[in-house]
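Please read the following note with the sequence and the structure at hand. The points are numbered so that each may be checked in turn.

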Amino acid sequence: MPALKRFLPASFVILWSTGFIGARYAMPWAEPFTFLAVRFALAATLLALLIMLMRARRVGPHIALHSTIAGALMHGVYLGAVFWAIHRGLPAGIAALIAGLQPLVTALVAGRVLGEDVQPRHWAGLATGFAGVVVVLSPQLGTIGSGVTWQTLTAAVIGMAGMTAGTIWQKRFVTGSDLVTGTLYQYLGGAVLMTLASFALETHTVTINGELIFAMAWLVLVLSIGAIFLLMVMIRDGEMSKVSSLFYLVPVVTAIMAWALFGEHLTPVQIAGMVLATLGVGLATAQAPTRARASR
């Protein structure tokens with residue numbers, strides 16, 4: 001399906017960006033680890049039912065173990081750390097800026113661990129994209145209050161590192177397996193980690209209302225199922241430095257959604273930053289020109 005694959009990056013960015021909107025609805029009504037544990041458990045249950053209906057191919061213990069580890073890193077460590085930091089008062093703009101380091105770190109590690117060829121134009125695109133993210137988030141960076149502590153900043157860095165490690169682990173150790181079954185094990189890994197964290201650190205206080213139910217349904221169906229499947233396909237078929245560069249567009253699209261839904265203001269400088277981030281992603285994901293071979 002080559003034609004459909006062209007739409008995967010744009011679809012992924014749009015769906016992934018809605019996760020921050022969903023989190024904004026959910027976080028006032030539930031503690032982060034408890035919320036994520038329930039979200040991952042529901043996603044795993046839906047995938048188990050889907051596997052039964054589709055009679056999906058099973059995976060061996062080796063793939064199951066590595067999928068569980070990748071899921072614990074990508075879902076548990078990343079989302080758990082970021083949600084905890086924001087819940088403790090870290091401004092979302094600063095959290096997003098730290099998460100924006102992920103493409104650069106992934107490109108650096110992927111070049112060494114996976115042996116991928118990260119060319120100068122890719123580095124230029126990654127740097128340009130990061131600069132665009134800084135510009136987009138610049139009005140929020142001055143919102144520094146009591147929530148900016150070494151604990152919340154460390155948590156945000158740990159979350160970024162978790163996503164980097166998880167995507168690289170997935171690319172290196174989980175290949176040739178059924179995507180549905182592999183994703184099930186990912187959510188089991190995330191659910192176990194978040195359940196342990198919730199029992200160790202939280203009171204399990206939850207307020208059931210329409211906003212929480214809507215956010216949970218959206219995040220489970222659209223993010224945990226739809227967006228993650230798109231990400232797994234792109235990781236399987238593409239280079240990590242190119243796939244990770246798409247995360248630069250997430251703060252941009254999220255800012256547009258927040259403007260449309262919550263009336264948040266967009267300045268001309270922020271719009272220029274969006275253009276810069278988009279240019280950076282274009283540079284990082286562009287295919288190298290090929291020379292036509294003369295026919296004999």
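1. A residue is called buried when its relative accessible area is under 20%, exposed when that area is over 50%, and partly exposed in between. The model discussed here is predicted.

2. Histidine 204 has a relative accessible area of 32%, and therefore counts as partly exposed. This histidine 204 is placed in the loop between α9 (179-201) and α10. Most residues other than glycine have a negative phi. Histidine 204, although not a glycine, has a positive phi of about 65°.

3. Helix α2 (residues 8-26) has 19 residues, which should span 27 Å at 1.5 Å a residue; the end C-alpha atoms are 27 Å apart, so the two values agree. Among the buried residues of α2 are Phe12, Trp16, Ile21 and Ala26.

4. How far from arginine 39 is the nearest side chain of opposite charge? That side chain belongs to glutamate 202 and is 13 Å away. Arginine 39, found in helix α3, is buried and has no salt bridge. Leaving aside neighbours within four places in sequence, arginine 39 is in contact with Leu79, Met216, Leu219, Val220, Leu223 and Ser224.

5. On the surface, a nonpolar patch is formed by Leu46, Leu49, Met52 and Leu221, which together have about 410 Å² of accessible area. Helix α3 (residues 32-54) gives the most to this patch, with three residues. Leucine 221 lies in helix α10 (residues 210-237).

Note on methods:
Residues numbered from 1 in each chain as written. Predicted model: local features only at pLDDT ≥ 70, side-chain atom pairs only at ≥ 80, totals over all residues. Heavy atoms only, no water. Patch = residues over 30% accessible without salt bridge, like charges linked within 9 Å, V, L, I, M, F, W, Y side chains within 5 Å. Areas by Shrake-Rupley, 256 points an atom, 1.4 Å probe, with all protein chains shown as cover. Salt bridge = Lys/Arg side-chain N within 4 Å of Asp/Glu carboxyl O. Helix = DSSP H or I, 4+ residues; strand = E, 2+ residues; numbered from the N terminus. Expected span 1.5 Å × (residues − 1). Buried < 20%, exposed > 50% of the residue type's maximum accessible area, 1.4 Å probe, protein only. Lys, Arg positive; Asp, Glu negative; His and termini not counted. Contact = heavy atoms within 4.5 Å.
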